[in-house]
Amino acid sequence: MTTEDTIAELNGLIKTCKDAELGYRTAASDVRNTELETVFTESAKQRGRFARSLQTEVERLGGYPEDSGSLTGTLLRGWMDLKYRVAAERPSPPPARPGR
């Protein structure tokens, strides 16, 4: 594997970490449970640290590190946001009646 191949692989991992970081940040802002908000926020911070570590390694190898997520990650977050908003507008089903 060449240095350029290694840099390309690391940059792919950086994009994955950035996608996860943004996904967890979105989840933390959308959840109504403070415990889960904390878990998601900490997970986002951890993915950010992973990305920064990989960026440092790319620079050490003489490459230019990625600084954002992927288009696929952006589209996935948009799709999840749309699903969340549509589901939030849908009325809840009536409670089950005993004996039925």
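From the N terminus on, the elements of this chain run α-α-α. That makes three helices and zero strands, where helices (H or I, at least four residues) and strands (E, at least two) are DSSP runs, numbered from the N terminus. Keep in mind that this is a predicted model, in which local features need pLDDT of at least 70 and side-chain atom pairs count only at pLDDT 80 or more, while totals for chains, interfaces and linings use all residues. Residues are numbered from 1 along each chain as its sequence is written, and side-chain values use heavy atoms, with hydrogens and water left out.

Now for the chain as a whole. It has 100 residues, and 21% of them are buried. Here "buried" means under 20% relative accessible area, "exposed" means over 50%, and "partly exposed" is in between (1.4 Å probe, protein chains only). As for contacts (heavy atoms within 4.5 Å), take those between residues at least 6 apart in sequence: 70% of them join residues at least 24 apart.

Let's head inside. The largest nonpolar core is made up of seven residues: Ile-7, Leu-10, Ile-14, Cys-17, Ala-51, Leu-54 and Val-58. A nonpolar core is a set of buried Ala, Val, Leu, Ile, Met, Phe, Trp, Tyr and Cys residues joined through side-chain atoms within 4.5 Å. H1 and H2 each supply at least two residues of this core, and the largest share, four residues, comes from H1. Pick out Leu-10: not counting residues up to four places away in sequence, it touches Leu-54, Glu-57, Val-58 and Leu-61.

Next, find Asn-11, which sits in helix H1. Asn-11 counts as buried because its relative accessible area is 10%. A polar atom of the Asn-11 side chain lies 2.8 Å from the backbone nitrogen of Glu-66. Setting aside residues up to four places away in sequence, Asn-11 touches Val-58, Tyr-64, Pro-65 and Glu-66.

From there, hop over to Gly-63, in the loop between helix H2 (34-60) and helix H3 (71-89). Gly-63 has 14% relative accessibility, so it counts as buried too. Leaving aside neighbours within four places in sequence, Gly-63 is in contact with Ile-7 and Val-58.

Time for the largest pocket, with a volume of about 290 Å³. On a 1 Å grid over the protein atoms alone, a pocket is an open set of points with protein on both sides within 12 Å along at least five of seven lines, and lining residues have an atom within 4 Å of a point. The volume is the space filled by probe spheres set on the points, which are joined across faces, edges and corners. Eleven residues line this pocket, and the closest to its centre are Gly-23, Thr-26, Ala-27, Arg-77 and Met-80. The elements giving two or more residues to the lining are helix H1 (3-30) and H3, and H3 gives the most, with six residues. The lining divides into four nonpolar, three polar and four charged residues. In that count, Ala, Val, Leu, Ile, Met, Phe, Trp, Tyr, Cys and Pro are nonpolar, Asp, Glu, Lys and Arg are charged, and the others, Gly among them, are polar.

Last stop: Asp-30, in helix H1. Asp-30 is partly exposed because its relative accessible area is 28%. The C-alpha atoms of Asp-30 and Asp-81 are separated by 9.2 Å, although the two residues are 51 apart along the chain.

Conventions: 1 Å grid on protein atoms, 1.4 Å probe; cavity = no way out; pocket = protein on both sides within 12 Å on 5 of 7 lines; lining within 4 Å. Polar contact = N/O pair within 3.5 Å; in protein donor to acceptor, adjacent residues only side chain to side chain.
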